[in-house]
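Good morning, colleagues. Please have it open as I speak.

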Amino acid sequence: MEVLGIDFGGTGIKAAPINTLTGELLAERQRFDTPQPSTPEAVAATINQLAKHYQWKGKIGVGFPSVVQNGMVHSAANIDKTWIGIKVDELLSARTGCDVYTVNDADAAGVAELHHGAGKDNKGIVMLLTIGTGIGTAFFVNGELFPNTELGHLQFKGETVEKYASDAVRKKLDLTWKKWGMRLDEVLHYYEQLFYPDLFIIGGGTSKRLDKIQEFITIKTPMVPAQLQNNAGLIGAAMFASKK
Ligand code: BGC
């Protein structure tokens, strides 16, 4: 099936038409800056612009940086707070005239990686972390997703994991690769002790930079970059919508 996949991030909103069986992009990816403030109306307008860019009439899947349950937004850590309580599928379907289905962005990236990327056919416990403005998590047991885990919001060292080790924190505090790599290592040790996963997959913009921090990572669990890199979110969002 062909579905338009969209990934709503803290700095950019990206889209591409996806073949949901193969995970392939069917046209070049398009990106617009995330409107600031990222209110429902402003973001819906940007998503509509992306749909119009591809003259899209079919289904759309959107990866969303918050808890999304049955088409409703329940949290807003890095987006405008007015999103909370919004029936996002209804809003975006009305705005675009297409059938829109929304899913947490990390869960979307995880689904894509488990089917077409670094976690392909993995039957164990797999944790995907998407590291960007925030830290999102997707948790799989035997290929099954446990949705909306939000482990980036676990308390850690007097703050949250996300406020301690996200890419936005690296930039804000101007951390060296070593300092940031060591922070991420501490976080991974914490997750390792809690869940004993078989594999960590690192997604988001950070997936391209793992070589810079690999030497500071001392966990026993294997850790690999997302093979679909920054496209994992939009591919997985399209796959999610294709099943609706
Ligand atoms: C949000 C998650 C999201 C992650 C990555 C966090 O702040 O709570 O829902 O997956 O950022 O975007």
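**The ligand and its surroundings**

A polar side-chain atom of Glu162 is placed 2.6 Å from an oxygen atom of the ligand. Taken alone, the ligand exposes 310 Å², and the protein buries 94% of that area. Please bear in mind that this is a predicted model.

Two further side chains deserve attention here. Asp105 has a polar side-chain atom 2.5 Å from a ligand oxygen atom. For His153, an N or O atom of the side chain is 2.7 Å from an oxygen atom of the ligand.

Let me now turn to the shell as a whole. The residues around the ligand are Pro65, Ser66, Ala77, Asn78, Asn104, Asp105, Gly134, Ile135, Gly136, Glu150, His153 and Glu162. Sorted by class, this shell comprises three nonpolar, six polar and three charged residues.

The domain assignment of the chain gives domain 1, covering 2-107 + 231-242, and domain 2, covering 122-226. In the contact between them, domain 1 supplies ten residues and domain 2 supplies 14 residues. Their C-alpha centres lie 23 Å apart.

Why can we say that the ligand lies between domain 1 and domain 2? Both domains give residues to the shell around the ligand, and therefore the ligand lies between them.

Thank you for your attention.

Conventions:
Residues numbered from 1 in each chain as written. Predicted model: local features only at pLDDT ≥ 70, side-chain atom pairs only at ≥ 80, totals over all residues. Heavy atoms only, no water. Near = heavy atom within 4 Å. Polar contact = N/O pair within 3.5 Å; in protein donor to acceptor, adjacent residues only side chain to side chain. Areas by Shrake-Rupley, 256 points an atom, 1.4 Å probe, with all protein chains shown as cover. Nonpolar A, V, L, I, M, F, W, Y, C, P; charged D, E, K, R; others polar. Domains from an automatic or database assignment. Contact = heavy atoms within 4.5 Å.
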